[in-house]
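Morning, everyone. Please have the viewer open, and follow along as I go through the slides.

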Amino acid sequence: MTFGRPKALSAAVALALTGALLVGGSAPATAATTTGDPAPAPGELLDLTSFVDPHIGTAVSPTSGFAGNVSPAAKAPFGMVAFGPDMSRTNYNGSGGYLLPADAESGSINFLSMTHLSGTGCPGQGVVGILPRTAPEGVADEDGVPQNAPTFRTASEEASPGAYSVDLDSGVAVELGATTRTGIARFTYPDADAAYLALDTRLNANSNMESTAGRIDPENVELTIGDDGTVLSGTTVAPAFCTPYGTTYTSNVFFYAEVDRALKDQGEAGSAVNDVVDGAAVLQYDVSPDDPTLTLRVGISSVSVENAKENLEVENPSQSLEEVRAAVDEEWNERLNTIQVDLAADPEALSEDQREDLVKFYTSLYRVYGSPTVYSDANGDFRSMEAQDLSVDEVDVAGAVEDRETANVGDYAYTRPDGSTGGYETHYSGLSLWDSYRTHSQLLALLAPDVASEVAQSIVVDAQQCGAFPHWVDASDDSTPMSGDNALPALAGAHAFGARDFDVVTAAAFAKQSAFDPTSSCNGNLSFIDQDEYLVDGYYPLESSANIERYNSDYAAAQLLSAVGEDVRSHASVGVDDADIEALRDRAGMWENILDPETGTIIAREAPTSPGELGEIVEGSFHESTEPNYFWSFGHAWDDLIDAIGGEDAAIDRLDALFSMDGALTAEPTLEQINGGEESPLFYMGNEPSYQAPWAYNWAGKPSAAQYVIGQLRDTGFGTTRDGMPGNDDAGTQSGWFVLASLGLFPVVPSDAGLAIATPLFPAATVWIDGEPLRIMADGDPTRSRFIDSMTVDGHPYGRSWMPLSRLAEAREISYGLSDAPTSWAADVHPTAAAATETTLALSHDEIEAGAPGPVDASIVVASSDETTPIGSVELRRIAQGQDPAEGDVLAAGTLDEDGSTTLEVRVPAGAEEGVWELVAVFAPDDPSFLAESASDPVSVTVRSPEADEPGDDGAGAAEDADDETPGVEDDGSAGDDRADPGDDGLAPTGGEPAWPALVGALLLTAGLGALLLRRARIRRTL
């Protein structure tokens, strides 16, 4: 290692160091004065479900043109069942099953179903279609098309976590609830003779659009009615996800239901009521005039009716609707309490704005915990992803379902790297990996690492069944509606953020396969399309966003394979070496091939006309967004990207244009400006490629702009009305953005273990991580004072706009000092690079006697440009003039104390060379990626040999001679040598004389050091 001139620190840091040295203490920590009550005790729960509004996002955004596509259905956390309404959709708006205008006063329901995908941009699920009727009319016509959808007033709707209810204009009150694998419904009829229940097993999410409704062949479904109607069971067909752009396979959902009333006798023979026709039936139940209610409990399964029955027996054998709702509300509340915002503890004291912020926040956290969805049954069974016929190239819209093996979670035990046996209990589906790898994977791993680990294991098991990592999972099938090998960043992000309890050996083997084997595929869906041509050419011709997804996938593979450890990489089934990882990192840098150096924009290229040469530049091609939004979507390359477009000022100009922002940070962009839709040249909050962009200001040297812009996005881009989501929620991904942005922390590089920093939304909150509380607090209201003036972590200053997870995991309190105006906090420190450090050295004496028993004290202080307290070791070295400090002889070594300083004792052995020695202190950080090494300026000390004692001399004469030779010290006849005797502290003269001359010398030396530090300018980003 080599050391140049020590990097300069800010004047504030230098002044703090000087004061610490002058008083002999440590540098004071500048902590923000924080607000908020102490952290809630473990087990102390706030009532947080009251802040959740499941209707937010069910309407189309007025500017982006896209709905959140979420459902207000009754659902447990990660529930297989989402029991709620299905309505007619418009193109892909309404794919979650529910769609009404934001200001609608009325609506209609095609049917109620047991399963709904949450927030997706394509339809799926929507099975076990039922509807209460007041007359003998089917839910669908003879072709299976929904008919005469009952209407309702939106004012009669109520939705909360685990519950949905609506009063139909027909007079039927609908009340729904759910457990993980079961649903419960209570229908209250206007009179006893009107208690009809219509079922149709042909219905699914594709039934909600005229062009795709009525396609399921009755031969592919089944409905069985028990003799008295108290037991209903059957087989339905979930559509191929994203027909016709997704998977080519359909799948079954089986159900078993128990009803609390018996069928009403129809009297005359030949009545169609209570009979099954083409998988559908209209049933009339015998209800009491005094209690005209009908309650049914339904279990579902991907495997069989028998398993559906078992799920019902395990989760809801006899509970009432109220009992189910109360239990699930409690379950939701426990999940939501993983982040406890102090304001929520006193609902009566909230202002309107505070309540709205809490509703936005907890509704978002609710959506995060709604995905992915449980797929295995209570006994561990689930339908395998291993397709039997890979030649299927189009969807059978009639609903034929391929026979598959039944898998069980117990079949997939594995050996952990430490030799112990691992396994998992729950298999998950509903994996929107192109979306979730950007926010959801990391947030879930941070808040619920047990669930995130099981999700990761589900992906690994899917790969074991279908041949490679899947891309987008619904039910037991893989789809490729988007580009990229997105399981790689999803797994790398989950692993980086704490989800480690899965089969990492098998995951690493599949990661290598995905990245290097051109034949790798999941049920025929290639992991890496046209791999050989891509690696030769260096890009996909005529593509832009597809190339970017490849960079993110390759970088993620490198990060995952690096993180799993050498034991895993060297495993016989993996076989990854450093060259493989380096190749992946090189591939992640191939973005240079699609950057136009003249314009600084991302473009596409024609295919090369000759090997090794780039093809002609053509206009970029971007999926579901525009070049300005995709530009910042590969955060691992931001440093080089910023350099390539002309540096920090150019990057800031580009970001300001994207966010419609002025340099003074006073602009207030409109919703149209920050959420203009897929074709907008401005920022588009409604889709994933733009999510990291606000934090790019941190890398461009203007973190105050990130703090302001993110506040604008939270305020304007999200709302509490039905059209309050900027776009598709994509299985909790957009909601994950809002939660992370509200905490002031964001994974700008999805597969890196760290978070970019901005201002939090709330003055105080507690985040529970691995059972330990992390307090995030501010000294004011962040919605008014948007800028960070200072930051401390556990009372210690922190001056960079990014935090590695290793620091976050150890932290118990993050405190912000806020400002009403932009500040320079963290502007001069690169977010992720090793921060410059300054090492200073001061000696207690400028002379030392070889062989003397008393030492010279070397006081060493290390400070960092990011204001953090340096952690590491120091060495005192002797160097020749001009010699590299790393090559000097080590005289003493030690570890820094908690205040970043230490004192080393220096002794020179007898017989050492006399003369002036140059000494330097060398700092070696424990984490070289966080702090840089540094060496102090040389400090001179004179080494001399002891003078021989004269015969009969008791040693005092030598001391007197030494005094005579000390300039500026008058000989008063005492033994006033400035060398320490044995047992002396190194400062006080011998013979008990006052220590002030030595003290004054030390103070002058320290003051000179402080003055030197004060003259140095604050460093810029040079690393």
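Start at Cys122 and Cys242. They form a disulfide, with sulfur atoms 1.9 Å apart. The cut-off for a disulfide here is a pair of cysteine sulfur atoms within 2.5 Å. Cys122 sits in the loop between strand 4 (111-113) and strand 5 (129-133), and Cys242 in the loop between strand 13 (231-238) and strand 14 (251-259), so the bond ties together parts that are 120 residues apart in sequence. Helices and strands are DSSP runs, numbered from the N terminus: H or I with at least four residues for helices, E with at least two for strands. Cys122 and Cys242 are both buried. Buried means under 20% relative accessible area, exposed over 50%, and partly exposed in between, with a 1.4 Å probe and protein chains only.

A word on provenance. This is a predicted model: local features need pLDDT of at least 70, side-chain atom pairs count only at pLDDT 80 or more, and totals for chains, interfaces and linings use all residues. Residues are numbered from 1 along each chain as its sequence is written, and side-chain values use heavy atoms, with hydrogens and water left out.

How many disulfides does the structure hold? Two. Besides Cys122 to Cys242, a disulfide joins Cys466 to Cys522, S to S 2.0 Å. Cys466 lies in helix 7 (residues 449-466) and Cys522 in strand 27 (residues 521-522), so this pair ties together parts that are 56 residues apart in sequence. The torsion about its S-S bond is about -115°, so the disulfide is left-handed. Cys466 counts as buried at 8% relative accessibility. Cys522 counts as buried at 0%. Number the bonded cysteines in sequence order and the pairing reads 1-2, 3-4.

Two strands pair if DSSP finds at least two bridges between them. Ala178 has Gly183 in strand 10 as its bridge partner.

Axes are lines fitted to C-alpha atoms, for helices over the stretch in contact, and angles run from 0 to 180 degrees between N-to-C directions. Contact means heavy atoms within 4.5 Å.

Now a helix pair. The axes of helix 9 (residues 504-516) and helix 13 (residues 578-588) come within 12 Å and cross at roughly 50°. That makes helix 9 oblique to helix 13; under 35 degrees counts as roughly parallel, over 145 as roughly antiparallel, 65 to 115 as roughly perpendicular, and the rest as oblique. Lys512, Ala515 and Phe516 in helix 9 meet Asp580, Leu584 and Arg587 in helix 13.

Last stop, Val829. Where does Val829 lie? In the loop between strand 40 (813-819) and strand 41 (837-843). Val829 is buried, with a relative accessible area of 4%. Leaving out residues up to four places away in sequence, Val829 touches Gly799, Arg800, Ala835, Ser865 and Asp866. Val829 and Trp699 are 130 residues apart in sequence, and 9.1 Å apart in space, C-alpha to C-alpha.
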